[in-house]
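Group the points by topic, and keep to what can be located in the structure.

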Amino acid sequence: MTYQNIVILTGAGISAESGLSTFRDEGGLWAKHRIEDVATPEAFIKNPDLVQGFYNARRRQLQDVTPNGAHLALAKLEKEHSGPVTIITQNVDDLHERALSHNVIHMHGELSKVRCTQCGRVQLWLGDCTQDKACSACGKSPALRPYIVWFGELPYYMDRIHGLLGQCDLFISIGTSGTVYPAAGFVADVQKAGYAHTLEINLEPSAGISYFAEARFGKAGDLVPVLVDELLGK
C-alpha cells in the first residue's frame, strides 16, 4: 500500500542508540539526580544553579554523539517521499536536525535553546547557561531557563500535533515506552480518525502495543532503514 501523509513519533530509544542516556539508564546523568530535583518548575525555583548545571551537562553530551542509521533514514524518507513526512519527537536533542530532517516538532523542548522567563524570548544556546547570563532581548538577569518541558508543564505544539494525527494515513512510533502521556495516547487518537495504518518499532513491546496494527522489534538503527526503503519502493 502507498501512503501519502506520514507522521512519525520518536522517543528516547532512537537517541539511546546514538549513546544518549535515558531516564532508565544506570550510571547516566538521570541516575545521579531525582527527577523532582532537576526536572520541575519547583526545582528551578528552589535551586536554579543545580538545574542549570544538570542541563549544561546534558547539552555538552550532544557534542559527543552523532545521528544513527534511524535518524538518517527518516531524513531520507522526508527528502524522497512524495507526500508530507512529519516527525514528532519527545526527545530534546538535535539529532534529527543534524541528520537533515527539517519537519521536526519538539513537543518537549530543545536542549540547544533557552527561554527568557521575563519576556518569553526563545533563543539558540549551545554553551553553558548560568544565572548571571542576561537575555539578549530584554537584558534582564537572572532570566534564562532551559527550553525544556518539565514535569507538571504542558507540552508544546499540541494543537498542531492533534491536527496532524487526524490527517495522517500512516503513523509510526519508534523507540517509545508508551507510558508517558500525552504522547502515549497519540496512537489511540490516530485510531479514532479511522483510516491510518499504525506501526510500532521498538526493542520490545511498549505499554500501548495493543493499539498498533503492526509491530517490528529490534534496533531502530537496523529496522528503520529497511522500513524506509519499503515505503520508498526500493
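The model described here is predicted. Its open sheet is built from six strands, which follow one another in the order E3-E2-E1-E7-E8-E9 with parallel pairing.

- Strands of a sheet may pair in parallel or antiparallel fashion, in either case through backbone hydrogen bonds.
- In the order E3-E2-E1-E7-E8-E9 the pairing is parallel, and the edges are taken by strand E3 (104-106) and strand E9 (214-217), each of which has a single partner strand, so that one side of each is left without a neighbour in the sheet.
- From one strand to the next, the twist of this sheet averages 15 degrees.
- Strand E1, residues 6-10, and strand E2, residues 85-89, run parallel and are joined by five bridges; within this pairing, Val7 has Thr86 of E2 as its bridge partner.
- Helix H5, residues 69-80, lies across E1, E2 and strand E7 (170-174), and its direction makes an angle of about 165 degrees with E1.

**Helix H5 against helix H9**

- A pair of packed helices is described by two values, the angle between the axes and the distance between them.
- The crossing in which H5 passes H9 is left-handed.
- On the H5 side the contact is made by Gly69, Ala70, Ala73, Leu74, Lys76 and Leu77, while H9 contributes Ala220, Gly221, Val224, Pro225, Val228, Asp229 and Leu231.
- Sorted by class, the residues in this contact of H5 with H9 are nine nonpolar, two polar and two charged.

**Helix H7 against helix H8**

- The crossing of H7 and H8 is right-handed.
- The contact involves Met158, Ile161, His162, Leu165 and Gly166 from H7, together with Phe186, Asp189, Val190 and Ala193 from H8.
- In this contact of H7 with H8, six residues are nonpolar, two are polar and one is charged.

**Two buried residues and their contacts**

- Phe186 belongs to helix H8, which spans residues 186-193, and its relative accessibility of 0% means that Phe186 counts as buried.
- Once neighbours within four places in sequence are set aside, Phe186 is in contact with Leu9, Ile88, Met107, Met158, Ile161, Leu165 and Phe171.
- Between Phe186 and Tyr211 there are 25 residues of separation in sequence, and the C-alpha to C-alpha separation in space is 9.9 Å.
- Ser101 has its place in the loop between helix H6 (95-98) and E3, where Ser101 is buried, with a relative accessible area of 2%.
- Not counting residues up to four places away in sequence, Ser101 touches His71, Leu74, Ala75, Glu78, Ile87 and His96.

**Backbone features in the loops**

- Most peptide bonds are trans, and a negative phi is found in most residues other than glycine.
- Ser141 and Pro142 are joined by a cis peptide bond with omega of about -5 degrees, and Pro142 lies in the loop between strand E5 (122-124) and strand E6 (144-148).
- Another cis peptide bond links Tyr181 and Pro182, with omega of about 10 degrees, and Pro182 is found in the loop between E7 and H8.
- Leu100, although not a glycine, has a positive phi of about 85 degrees; Leu100 lies in the loop between H6 and E3 and is exposed, with a relative accessible area of 57%.
- Tyr157, also a residue other than glycine, has a positive phi near 65 degrees; Tyr157 lies in the loop between E6 and helix H7 (158-167), and at 39% relative accessibility Tyr157 counts as partly exposed.

Key. Residues numbered from 1 in each chain as written. Predicted model: local features only at pLDDT ≥ 70, side-chain atom pairs only at ≥ 80, totals over all residues. Heavy atoms only, no water. Pairing = 2+ DSSP bridges. Helix = DSSP H or I, 4+ residues; strand = E, 2+ residues; numbered from the N terminus. Axes fitted to C-alpha atoms, helices over the stretch in contact; angles between N-to-C directions. Contact = heavy atoms within 4.5 Å. Left-handed = near helix turned anticlockwise from the far one by under 90°. Nonpolar A, V, L, I, M, F, W, Y, C, P; charged D, E, K, R; others polar. Buried < 20%, exposed > 50% of the residue type's maximum accessible area, 1.4 Å probe, protein only.
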